[in-house]
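Q: Could we go through this model together? I would like to start with the overall picture and then turn to single residues.

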Amino acid sequence: LAGLTNLQGINLNANNISDISALAELTNLQGINLNINNISDISALAGLTNLETLSLGSNKISDISPLAGLTNLKVLVLGANNISDISALAGLSNLLWLTLTGNNISDVSALVENAEFSDGDFVNLKNNPLSAESINNYIPQLEARGVTVYY
C-alpha cells in the first residue's frame, strides 16, 4: 500500500482478509468497506481519524475499542460479528447511521451516553440478546430523542 497515502476510499469486501495492519498508514482514508472477511483485530484502524464511513460487517470482531477515537465517523456497520461491549461508541458524536445486527449486545446504554445521537439518526439492533433494561429504558430514551431504532 506504499504510495497510496492520499487514497480516500477502499473497498475490500469478500476477500478473506484477516490482517489489516497495512491500513494504519492510510491516514487520509475517509471510507473503508471490509465486509465479509476474517478480520478479528481492528487495532490498525485506531489512528484513521479521517474516517467517515466504516463497514466491517460479517467478520470475527469482538473488541471495538480501537474505534473510540474515530470521532468523524458518520456511518458505521458492524453487523454479524461477535460484539458484546459497545461502550467505545459513546463518544462518536458524528454518528448518523449505526448497524449492529447479529451480535451479542445486551446493553445499549453507550448509545444513550452519546448525547449527539439524536433526531434523524438510525441504529439497527436486530438479532441481539438485548436486556430488559435496554428494551424498556434505553431504546425508548433514544427514540424520544428522535433516533430510529430497529430491534
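**Burial, fold and selected residues**

A: Of the 151 residues of the chain, 43% count as buried. Please keep in mind that this is a predicted model.

Q: Noted. How many helices and strands does the chain have?
A: The chain has two helices and seven strands. In sequence order they follow the pattern β-β-β-β-β-α-β-α-β.

Q: And how does the radius of gyration sit against that of a compact globule?
A: The two agree, because a compact globule of 151 residues would have a radius of gyration near 15 Å and the chain has 15 Å. Along its principal axes, the C-alpha trace spans about 50 × 25 × 20 Å.

Q: What share of the contacts joins residues at least 24 apart?
A: The share is 30%, taken among contacts between residues at least 6 apart in sequence.

Q: How many salt bridges does that give?
A: The count comes to one salt bridge. The side chains of Lys74 and Glu52 form it, with an N to O distance of 3.9 Å. The cut-off for this pairing is 4 Å.

Q: Which parts of the chain does the pair tie together?
A: Lys74 lies in the loop between strand 3 (53-55) and strand 4, and Glu52 in the loop between strand 2 (31-33) and strand 3, so the pair ties together parts that are 22 residues apart in sequence. In general terms, side chains of opposite charge can pair when their charged atoms come close.

Q: Let us change topic to Ser55. Where is it, and what does it touch?
A: Ser55 belongs to strand 3. Leaving aside residues up to four places away in sequence, Ser55 touches Ile32, Asn33, Leu34, Asn35 and Val77.

Q: Why does Ser55 count as buried?
A: Ser55 counts as buried because its relative accessibility is 7%, and buried means under 20%.

Q: And Leu56?
A: Leu56 is in the loop between strand 3 and strand 4. Its relative accessible area is 0%, and Leu56 is therefore buried.

Q: Which residues does Leu56 touch?
A: Not counting residues up to four places away in sequence, Leu56 touches Leu34, Asn35, Ile42, Leu45, Ile61, Val77, Leu78, Gly79 and Asn81. Leu34, Asn35 and Val77 are also among the residues that Ser55 touches.

Q: How far is Leu56 from Pro129?
A: Their C-alpha atoms are 20 Å apart in space, and the two residues are 73 apart in sequence.

Q: Which residues have a positive phi although they are not glycine?
A: Ala14 is one, with a phi of about 55°. Asn16 is another, at about 60°. Ala14 is in the loop between strand 1 and strand 2, and Asn16 lies in that loop as well. Asn16 counts as exposed, at 57% relative accessibility.

Q: What about Gly91?
A: Gly91 is in the loop between strand 4 (75-77) and strand 5 (97-99). Gly91 is partly exposed, with a relative accessible area of 43%. Its C-alpha atom is 9.7 Å from that of Phe117, a residue 26 places away along the chain.

Q: Last one: where is Asn137?
A: Asn137 is in helix 2, residues 132-144. Its relative accessible area is 31%, which makes Asn137 partly exposed. Asn137 and Val112 are 25 residues apart in sequence, and their C-alpha atoms are 9.8 Å apart in space.

Conventions. Residues are numbered from 1 along each chain as its sequence is written. This is a predicted model: local features need pLDDT of at least 70, side-chain atom pairs count only at pLDDT 80 or more; totals for chains, interfaces and linings use all residues. Side-chain values use heavy atoms; hydrogens and water are left out. Helices (H or I, at least four residues) and strands (E, at least two) are DSSP runs, numbered from the N terminus. Buried means under 20% relative accessible area, exposed over 50%, partly exposed in between (1.4 Å probe, protein chains only). The radius of gyration is taken over C-alpha atoms; the globule rule is 2.2 Å times the number of residues to the power 0.38. Contact means heavy atoms within 4.5 Å.
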